[in-house]
Structure formats: structure tokens, C-alpha cells
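Open the model in your viewer and keep the selection tool ready. We will go stop by stop.

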Amino acid sequence: MPIIYVSPENDPQTKYPILEVNGVRYPYVFDEEVIRNMMDVDMNDDDVMLCGYMRSGTHWCFEVINMLLRKCDDTIPYKKEDFHIEQTSNEKLAHLPLPRVLNGHMHFELLPKAALEKKLKIVYVLRDPRDVACSWYQLIKKYFRCREKVEICPFAAWMKLFLNGKLEWGTWFDHVTNWEKAMANPQHSSSILVVRFEDLVTQPVREIERIDEFLNTKTDDTFRRRVVEKCSLDNMIRDKHSVTKKLEGKSVHFVQGKIGSWKDNFSAELSEYFNRVYDEKMKDSKFYNMYRQH
């Protein structure tokens, strides 16, 4: 198995394991064979793809989309990971109940070939990369403390690994601009809906209506408001407790759901460093102004 190790620049003795397959980095616990075969996953005509950089709110959107597709506001009794094509084999995916919300954190060109051939609907979730990084760091910090019995490096050192593409799935910037190119392609543009995490937090009824229209699920306003309520953080923590992954007795994936938590973690120096990288990587992106704070 092609495991590599990355270290903070000021702490070469600390090494974090990462699985690298065809130049793409994944969590070291993933199955290399599943990853190598994911582009050949079989797709049904009514499947929906849910994509986005990790810690962007895809677990939340997974619940919303499932409720719309099933026209039922009961929480689906499965983990999102069960439908994650970078983690779950084609054979296991084939036995999951329909309709399926298949998902992953891959770049556009690594989607299953059948998803593009069938022109399946794709929901792409976008979130402030600073909040993404904070959420991911807290998860990894708990994971290594609980599972590996070690403490990871300070946030500022970890953030530089994140910004320089040393961690799983490369940089947020490359991920977003890669998908942006697909969105600009007339062959694919009508098949992709961008949902901003921040809009889902501040205007959930409107955003769920957008998703409903995109998927052509034709639900009414009363039902969509029930979905908003059922998909609140407190309800997700309660309803998904029996199936979600947990660390220290708490849900891994349903934690805070806040906007702007990065402000409690970024020093002035780190903010300046982030802005320099952001300006360089996102200067030509239509999303540039969304997350550039002077």
C-alpha cells in the first residue's frame, strides 16, 4: 500500500501517514483497491452525486437531499460513508437502498464515468476554507488523540500543510477551481448545483428550495420547512447518534455548524499568510470575493 508521510516544516520528527494513489492523497485508512476502481462504479439513472471538499457540510446536505428524494423527513438510517465511492466498493454500493445519494471528495475528472455519461445531477458544496481547516483540524486532533494516542502539531503548523496541499485531497483552492472549470463547460454546467454552506446556515428554506428545484423533487413549502427543522444540528446529533462515527462519545460529523469559527483560531500572522496564498490561488476564480477578508 503506497503510504507516504508528511511532517510540519518545523517538526520533521512528527510524521502523518497518508495514502497516495496516482498522485492524489487520501486518508491512510482508505482502501487502495476501492479508490483505483471508483471511476468504474455502476450508476443508476436516479442516483444523485454529492461532492465537495471535506468538512464543507456534505454530511448535512446528504440528509437534506435524501429527505427530498424520498419525500420523507425521517433521517436515513445509514452513514454518508456507506454511500461514499472513495470508501465503499461497487459491490457494496449495489446493495444499498434506492434512491442513492452517492458522494465523494474527488476532483471532477475522477467521478465515475457512468455519472457523466448519464448526466446525473451533482450537488457541489462550498464552504469558507478557513472554517473547513478549523473543522478538519479539530477532527484530526481528536482522532490522533483517541486512536493513535498522540498529539498533533499546533494549528498554525498544520494550516501550512493544509494550504500547501500536503494533506488529503490536496488544497481547497485546487479542488474548487477544478470544479469551477467543469461548471464553465456547457456539457456539464446544467448538471451541477453549487450550494454554499453559509447560505444553508443563514437561509435554509431558500437553499433547500433551490436544491428541490434542481433535483425536480417537487416538494411543497410545508415539507421543506420540516426538512429544515429535522436537519437542524441538534436533531442531526440526536437522530444520527446510532449510526454516525463518534470520538470521545460525540459525533464526528455533526459538531458546530458555525460560520466564522476561524476567527477564534487565526492569528494576525496566519491570516496574512492565508490571504497571500488565497490571492495567488483564487485571483482568477469567480468565487474569489466570497472568502477574501481584508
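Which residue in E3 does leucine 19 stand opposite? Select leucine 19 and look across: tyrosine 26 is there.

Before moving on, some ground rules. This is a predicted model, where local features need pLDDT of at least 70, side-chain atom pairs count only at pLDDT 80 or more, and totals for chains, interfaces and linings use all residues. Residues are numbered from 1 along each chain as its sequence is written, and side-chain values use heavy atoms, leaving out hydrogens and water.

**Stop 1: the antiparallel sheet**

Stay with E3. Strands here are DSSP runs of E, at least two residues, and helices are runs of H or I, at least four residues, numbered from the N terminus. Two strands pair if DSSP finds at least two bridges between them. Now select E1, E2 and E3: these 3 strands form an open antiparallel sheet in the order E1-E2-E3. Strand E1 (3-6) and strand E3 (24-27) are the edges, each pairing on one side only. Strand E2 (residues 16-21) is joined to E3 by 4 bridges.

**Stop 2: the parallel sheet**

Next, select 4 strands in the order E5-E4-E6-E7; they form an open sheet with parallel pairing. Strand E5 (101-104) and strand E7 (192-196) each have a single partner strand, so one side of each has no neighbour in the sheet. Strand E6 (residues 121-126) pairs with E7 over 5 bridges. Find leucine 126: arginine 196 in E7 stands opposite.

**Stop 3: the nonpolar core**

A nonpolar core is a set of buried Ala, Val, Leu, Ile, Met, Phe, Trp, Tyr and Cys residues joined through side-chain atoms within 4.5 Å. Buried means under 20% relative accessible area (1.4 Å probe, protein chains only). The largest core has 92 residues, and Tyr26 and Met159 are among those that touch the most other members. Select methionine 159: not counting residues up to four places away in sequence, this residue touches Ala133, Phe266, Leu270 and Phe274.

**Stop 4: the cysteines**

How many disulfides are there? The count is 0, taking a disulfide as a pair of cysteine sulfur atoms within 2.5 Å. Cysteine 51 has its nearest cysteine sulfur, that of cysteine 61, 11 Å away. Cysteine 51 is buried, at 0% relative accessibility. Finish at cysteine 153. The closest cysteine sulfur, in cysteine 134, is 13 Å away, so the two are too far apart for a bond. Cysteine 153 is also buried, with a relative accessible area of 5%.

Notes
Buried means under 20% relative accessible area, exposed over 50%, partly exposed in between (1.4 Å probe, protein chains only). Contact means heavy atoms within 4.5 Å.
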